[in-house]
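Here is a note for a first reading of this model, in numbered points. Please keep the structure open and follow each residue as it comes up.

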Amino acid sequence: FPSHDSGKDQSKETQKKHDQQNHCQTSQNHVDQLLEKFIVRYAKPEDIPFIKKTWLYSYYNGKPENRRIKKDIFMREYSAEINNILMRPTTFVKVAHLPDEPDIIISFACLEYLDDCTILHYVYTKKMWRGMGAHTNLIPKYDFYSYITKIWEAICPKGPTYNPKLR
């Protein structure tokens, strides 16, 4: 039998759900406003150290089989590979940042135009921005991707082909 206080309990529960929905809606509105306002630009020379280091450590931690490689060997070998990609004249990096913080990169994507195709080499988004689509404005339609992590495997659209030989 419900007690005569159950109406109060339901009212409190209803108010709690309403407050949570309002908080979520307010948070989502804030995120939407930030995403509408973030700036996409080409990477500047001073961005490259952050991009290289983040790419290297993100890739090391983002694919379980990479952890089987001795860390100093992985860092040396993949650092050279990333440098090689970034030095090609056909490669470019786009970054996203908030308008008031041009030096704080939210997300970046390394791409390459080769012949008549586009290769996505790597995309990274800071943890607090993941799941919000911050990377989507950085990536044009692409034909191939050359790196894969557990996160990218989960969100990668169907269509492009994985080909690590394009590194």
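1. Strand 3 and strand 4 form a hairpin, and two residues lie between them. Helices (H or I, at least four residues) and strands (E, at least two) are DSSP runs, numbered from the N terminus. Asp115 belongs to the loop between strand 3 and strand 4. Its phi is positive, about 55°, although Asp115 is not a glycine. Most residues other than glycine have a negative phi. Is Asp115 buried or exposed? At 79% relative accessibility, Asp115 counts as exposed. The terms are set by relative accessible area: buried is under 20%, exposed over 50%, and partly exposed in between (1.4 Å probe, protein chains only).

2. This is a predicted model, in which local features need pLDDT of at least 70 and side-chain atom pairs count only at pLDDT 80 or more, while totals for chains, interfaces and linings use all residues. Residues are numbered from 1 along each chain as its sequence is written, and side-chain values use heavy atoms, with hydrogens and water left out.

3. Two strands count as paired if DSSP finds at least two bridges between them. Within this pairing, Ala109 stands opposite Val123 in strand 4. Strand 3 also pairs with strand 2 (residues 91–97), in the antiparallel sense and over seven bridges. There, His97 stands opposite Ile105 in strand 3.

4. Why is strand 3 largely enclosed by the rest of the structure? Strand 3 covers residues 105–114, and eight of its ten residues are buried, so the rest of the structure largely encloses it.

5. Read from the N terminus on, the elements run α-β-α-α-β-β-β-β-α-β.

6. Which residues have the most contacts inside the largest nonpolar core? They are Trp55, Tyr59, Phe74, Val93, Phe108, Tyr122 and Tyr147, in a core of 19 residues. Helix 2 (48–62), helix 3, strand 2, strand 3 and strand 4 each supply at least two residues of this core. Helix 3 gives the largest share, six residues. Apart from this core lies another, of 17 residues, among them Ala109, Leu111, Ala134 and Tyr145. A nonpolar core is a set of buried Ala, Val, Leu, Ile, Met, Phe, Trp, Tyr and Cys residues joined through side-chain atoms within 4.5 Å. In soluble globular proteins, nonpolar side chains tend to be buried together.

7. Ile51 is found in helix 2 and is buried, with a relative accessible area of 0%. Leaving aside neighbours within four places in sequence, Ile51 is in contact (heavy atoms within 4.5 Å) with Ala43, Val93, Val95 and Phe108. Ile51 and Leu86 are 35 residues apart in sequence, and their C-alpha atoms are 9.9 Å apart in space.

8. Thr91 sits in strand 2 and is buried at 14% relative accessible area. A polar atom of its side chain lies 2.8 Å from the backbone oxygen of Ile85. Not counting residues up to four places away in sequence, Thr91 touches Ile85, Leu86, Cys110, Leu111 and Glu112.

9. Some totals to finish. Of the 167 residues in the protein chain, 37% are buried. Among contacts between residues at least 6 apart in sequence, 52% join residues at least 24 apart.

Conventions:
A polar contact is a pair of N or O atoms within 3.5 Å; within protein, one must be able to donate a hydrogen and the other to accept it, and residues adjacent in sequence count only if both atoms are side-chain atoms.
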